[in-house]
Amino acid sequence: MGATTGTQVVVRGLRPRDLEAVIALDARITGRRRDEYFRKKLDQAMKETGIQVSLAAEVDGGFAGFLLSRVFYGEFGEMEAAAVLDTLGVHPSFRGKGVGRALLAQLRTNLLGLGIRMLHTEVSWDAQDLVGFFRVEGFRPAPRICLDLDLEAHRERGAEREAEEGEV
Ligand SMILES: CC(C)(COP(=O)(O)OP(=O)(O)OC[C@H]1O[C@@H](n2cnc3c(N)ncnc32)[C@H](O)[C@@H]1OP(=O)(O)O)[C@@H](O)C(=O)NCCC(=O)NCCS
């Protein structure tokens with residue numbers, strides 16, 4: 001049941017036949033189709049055995065949202081198994097009805113059932129709706145620093161430095 005709206009939300013494991021619904025919903029949210037990305041992700045998710053960690057939400061039989069997550073061992077310098085939430089999306093028509101919360105609640109239950117204690121996710125700084133939602137749902141900034149290296153810019157800077165040194 002949605003937290004405050006009384007909407008009946010059914011959460012179930014994601015299935016291969018959800019692929020098009022997932023791609024279409026993601027495209028509606030992000031403005032671009034990511035067919036290959038989701039084909040691979042769903043394929044990966046379907047091969048996992050045991051309790052599902054990629055989920056779909058339905059409201060009145062309609063596809064209302066989904067999340068893709070995976071379990072890993074030994075990343076982030078951790079010894080214990082942990083999980084990463086890769087993608088979460090709720091259809092704009094079904095937002096504010098507890099769909100996102102229901103998806104996360106089921107994921108937490110399934111992960112705890114697998115003995116997993118930590119769920120990681122990364123959010124774009126621009127995705128403030130997700131940042132706000134995750135904050136309300138109890139996520140907090142991780143004690144890690146994310147670093148990027150722009151390889152092309154780095155190479156160009158190196159070439160410039162070499163040229164300057166050559167001039168001296
Ligand atoms: C963020 C998102 C998942 C929220 O889903 P939702 O089903 O509307 O959220 P819920 O109705 O379950 O809300 C649960 C709680 O989070 C809060 N919440 C939801 N969206 C929020 C936001 N943008 N900022 C702050 N809090 C938010 C709700 O108020 C509620 O808390 P409350 O009960 O204390 O009021 C949804 O808006 C979404 O899919 N956004 C786009 C995500 C995206 O870009 N995904 C990447 C591509 S798929």
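Modeller: Helix α5 is hardly covered: 0 of its 17 residues count as buried. Buried means 20 or more other C-beta atoms within 10 Å of a residue's own; exposed means 12 or fewer, partly exposed lies in between, and C-beta atoms are placed from the backbone. This is a predicted model: local features need pLDDT of at least 70, side-chain atom pairs count only at pLDDT 80 or more, and totals for chains, interfaces and linings use all residues. Residues are numbered from 1 along each chain as its sequence is written.

Helix α5 covers residues 151–167, and its end C-alpha atoms lie 25 Å apart. That agrees with the 24 Å that 17 residues should span at 1.5 Å a residue (the expected span is 1.5 Å times one less than the number of residues).

Now the rest of the chain. It holds 5 helices and 5 strands, in the order β-α-α-β-β-β-α-β-α-α from the N terminus. Helices (H or I, at least four residues) and strands (E, at least two) are DSSP runs, numbered from the N terminus. Of the 168 residues, 24% count as buried. Along the principal axes, the C-alpha atoms fill a box of roughly 75 × 40 × 30 Å.

Next, the core. The largest nonpolar core has 28 residues (buried Ala, Val, Leu, Ile, Met, Phe, Trp, Tyr and Cys joined through C-beta atoms within 7 Å). Leu-55, Phe-66 and Leu-107 are among those with the most contacts inside it. Elements giving two or more residues to this core include β1 (9–13), α2 (35–47), β3 (62–73) and α3. Helix α3 gives the most, with 6 residues.

Last, the ligand. Its shell has 22 residues, and Gly-89, Arg-95, Gly-100, Arg-101 and Gly-132 come nearest (a residue is near if its C-beta atom, placed from the backbone, lies within 6 Å). At least two shell residues come from each of α1 (19–30), β4 (81–90), α3 (99–113) and α4 (128–136). Helix α4 gives the most to that shell, with 5 residues.
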